[in-house]
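Subject: Structure for your review

Hello,

Please find the structure below. My notes on it follow.

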Amino acid sequence: MDKHTNPINTDLLDQVVWACACFNIRKASRVMTQHFDEVLKPSGLLVTQFTILAAVAIAKSATVNELAEMLVMDRTTLTRNLKPLEREGWLKSKPGQDQRTRIIALTEAGEAVLAKALPLWKQAQSMVEEVLGQQRWNTLLAHLVEATALLR
């Protein structure tokens, strides 16, 4: 080994795998995403698309910045994720009060695909709650909401 390279601390690596908040939350997120994507498949939506459409529906219409804030997403990542939804005709955008802002709203097609996906989402959500148990789910949800608020 070169005298200028530091050996990797395997004890620290073990901490990454077993105790790292980001590592474990991302791992759980991938499992959850795969589950919801599978159940939502008949709607033609991925869960990432579903959550964006749901956020727009809740807001009625919103700027990209408002949606990014609501979804806790980077603005550029959200913009990249909006493009396919606009191409599909599920979202429309128009200029805001100044040319730097865009207002995003659902189209009729977006409302239709969201309406088709909602019962599938409910099925996926119910499966998660059943597997985890209602008490564990409620506790986990409360902790996730609190952690999100504290870390923002």
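Which residues lie nearest the centre of the largest pocket? They are Ser29, Thr51, Leu71, Leu144 and Thr148, and the pocket is lined by 34 residues.

This is a predicted model, in which local features need pLDDT of at least 70 and side-chain atom pairs count only at pLDDT 80 or more, while totals for chains, interfaces and linings use all residues. Residues are numbered from 1 along each chain as its sequence is written, and side-chain values use heavy atoms, with hydrogens and water left out.

The pocket
A pocket here is an open set of points on a 1 Å grid over the protein atoms alone, where a 1.4 Å probe fits, with protein on both sides within 12 Å along at least five of seven lines; lining residues have an atom within 4 Å of a point. The largest pocket has a volume of about 1,700 Å³, taken as the space filled by probe spheres set on the points, which are joined across faces, edges and corners. Helices H2 (21–40), H3, H4 (64–71), H6 (108–132) and H7 (134–151) each supply at least two residues of its lining. H2 gives the largest share, 10 residues. The lining of the largest pocket has 24 nonpolar, 8 polar and 2 charged residues (nonpolar: Ala, Val, Leu, Ile, Met, Phe, Trp, Tyr, Cys and Pro; charged: Asp, Glu, Lys and Arg; polar: the others, Gly among them).

Helix H3
Helices (H or I, at least four residues) and strands (E, at least two) are DSSP runs, numbered from the N terminus. Buried residues (under 20% relative accessible area, 1.4 Å probe, protein chains only) in H3 include Val47, Phe50, Leu53 and Val56. Lys60 follows H3 and has a positive phi, near 75°.

The strands
Strands pair if DSSP finds at least two bridges between them. E3 (residues 102–106) pairs with E1 (residues 61–63) in the antiparallel sense over 3 bridges, and Ser61 has Ala105 as its bridge partner in E3. E2 (residues 91–95) also runs antiparallel to E3, with 5 bridges; a hairpin of 6 residues joins E2 to E3. In E3, 4 of the 5 residues are buried.

Regards

Notes. Buried < 20%, exposed > 50% of the residue type's maximum accessible area, 1.4 Å probe, protein only.
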